[in-house]
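Work through the exercises below with the coordinates open. Each task is followed by a stepwise solution.

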Amino acid sequence: MPLLKTPAITLNSRKWGEADRIVTFYTLRFGKLRGVARGARRMKSRFGSALEPFVQCELNLFEKHGDSLYRITQADIREAFVGLREDLTLMSGAARLANLVAAVTGEGDQGPRIFETLVSGFRSLEDGNDPALTTLLYQIKLLGLTGFRPQTDHCTACSAAVGPTSGTVLRQFAPTSGGLVCPDCARRRPERCLPISPGSLALLQQALRWTPDVVTRLKATGQVRAELEAVIEAYVTVVTGKHLPPANFLAAEGNPQAYGTRD
Amino acid sequence: MSVEHRGLLSQLVRELVRLPGIGHKTAQRLAFHILKTDGEEALRLADAIRAVKERLAFCRQCRNIAEEELCEFCRDPKRDRSTILVVEEPSTLYAIERTASFRGLYHVLLGALSPLDGVGPSDIRAQDLIDRLQGGGVKEVILATSPTIEGEATAIYLTKLIKPHGVHVSRIAYGVPVGMDLDYADEVTLTKSIEGRRDL
């Protein structure tokens, strides 16, 4: 039963039993892990708020023989991201990033860059960058790092060049194929493909190429943004195999006026 | 010994396993206990479950558990009707009631918003609260949702919803539990307790 020690970000935390929590983390050293925090819901729990979603902590835990869940022994806050708790829009964006990482990573698969990108995404949201665009760009970064990088140069069906410099005008994105398809292949495909203009494609390629610390310098409005949001939403649904709660989950219920920070 | 595929007993185990926090082994142990216990005691348990399902419902006004159309608090004429304290679940209501420090009315949301799990406003009893406010007479709403991500999301959402009705909205205090050593408090709790300090 070796004691593991690693920086970690809480992706989700669920009530368990009388006063416990089952917490899903993405850790710097061991990838995604799930552990039990005994007594975490008690008033005087030693964990305090360290196991709340989005909090980055220094985690101590050990593996119990014959149990798939780790036992969490200590968690000390490194970065609390308090701002993400005080604004519904930021909270929804952070929740989308956490849900995406939880859905597309396997337990125990190491990915230090995924960890760093998630931390960077939370910092960018908290720093006041456009929340919807920041969430979109970091989803693209995380897809690229988790083995689901969208194919943006060639047709995923026939390998014909369809990138921004190929001269093809009517590009389509096929979510189930994970990338672009040429007009001929798009016509032959049974599933719906989504249109993607040269501007949207260039933005997608830049988001995949740029490092997390500068990716929020990218700007997008109007059609480019709407197209890319639709493409990524459809692609995320395919790779996760489910509809993740939307990044603007209140707006989805027709309550956009309810958005915002507490006065 | 497994009781799978053994008729009535396995049926009881299957029902017990559906309860929260009960695994197969525990369900099996409970089933054998019920089997061994005398008939009257087992039937009392069955009657209690039946009575809860047949005679308890949610209060028409506040959504607390009630044996009649209105719960005991909504019926009580001595309660202060100008203040409503909002909680996520009935269990929290009874925890607050045990303190004997609140004499107003309650509103139970029967859940909390969760951006992580996709629990939205239509999944909680927020609109019922707004309907109560529109009835007039309420001066303050105290939000006593948990200081978790779900509780915070719910408090922010309700604040936006309530303020246009001209009702004062307050949030229960954040801070250090009584009897705790400050050395052991985490950063978020300490920060919140400093922000929420009060004059003496």
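**Exercise 1. Handedness and contact of α1(A) with α6(A)**

Task: Which hand does the crossing of α1(A) and α6(A) have, and which residues make the contact?

Solution. 
- Step 1. The crossing of α1(A) and α6(A) is left-handed. Note that this is a predicted model.
- Step 2. Locate the helices. α1 spans residues 88-104 of chain A and α6 spans residues 222-240 of chain A. They pack at an angle of about 35 degrees, and their axes lie 9 Å apart.
- Step 3. List the contact. α1(A) supplies Arg96(A), Leu100(A), Ala103(A) and Val104(A). α6(A) supplies Glu233(A), Val236(A), Val239(A) and Thr240(A).
- Step 4. Sort these residues by class. The contact of α1(A) with α6(A) holds five nonpolar, one polar and two charged residues.

**Exercise 2. Geometry of α3(A) and α5(A)**

Task: At what angle do α3(A) and α5(A) pack, and what is the hand of their crossing?

Solution. 
- Step 1. Helix α3 (residues 131-145) and helix α5 (residues 198-209), both of chain A, pack at about 60 degrees. Their axes are 8 Å apart.
- Step 2. Classify the angle. Roughly perpendicular starts at 65 degrees and roughly parallel ends under 35. The angle therefore makes α3(A) oblique to α5(A).
- Step 3. Assign the hand. The crossing of α3(A) and α5(A) is right-handed.
- Step 4. List the contact. From α3(A) come Leu137(A), Ile140(A), Lys141(A) and Gly144(A). From α5(A) come Leu204(A), Ala207(A), Leu208(A) and Arg209(A).
- Step 5. Sort by class. The contact of α3(A) with α5(A) has five nonpolar, one polar and two charged residues.

**Exercise 3. The two sides of α5(B)**

Task: Which residues of α5(B) are buried, and which are exposed on the other side?

Solution. 
- Step 1. In helix α5 of chain B (residues 90-99), the buried residues are Pro90(B), Leu93(B) and Ile96(B).
- Step 2. Check their directions. They cover an arc of only 115 degrees around the axis, so they sit on the same side of α5(B).
- Step 3. Turn to the other side of α5(B). Ser91(B) and Arg98(B) are exposed there.
- Step 4. Find the cover. The buried residues of α5(B) are covered by elements of chain B including β2 (65-66), α4 (72-75), β3 (80-87) and β4 (104-108).
- Step 5. Look just past the helix.

**Exercise 4. Surroundings of Gly179(A)**

Task: Is Gly179(A) buried or exposed, and which residues does Gly179(A) touch?

Solution. 
- Step 1. Gly179(A) lies in strand β7 (residues 179-181) of chain A.
- Step 2. Gly179(A) has a relative accessible area of 0%, so it is buried.
- Step 3. Leaving out residues up to four places away in sequence, Gly179(A) touches Gln151(A), Thr156(A), Gln172(A), Phe173(A) and Ala174(A).

Note on methods:
Residues numbered from 1 in each chain as written. Chains lettered and ligands numbered in written order. Predicted model: local features only at pLDDT ≥ 70, side-chain atom pairs only at ≥ 80, totals over all residues. Heavy atoms only, no water. Buried < 20%, exposed > 50% of the residue type's maximum accessible area, 1.4 Å probe, protein only. Helix = DSSP H or I, 4+ residues; strand = E, 2+ residues; numbered from the N terminus. Arc of directions from axis to C-beta. Contact = heavy atoms within 4.5 Å. Axes fitted to C-alpha atoms, helices over the stretch in contact; angles between N-to-C directions. Parallel < 35°, antiparallel > 145°, perpendicular 65-115°, else oblique. Left-handed = near helix turned anticlockwise from the far one by under 90°. Nonpolar A, V, L, I, M, F, W, Y, C, P; charged D, E, K, R; others polar.
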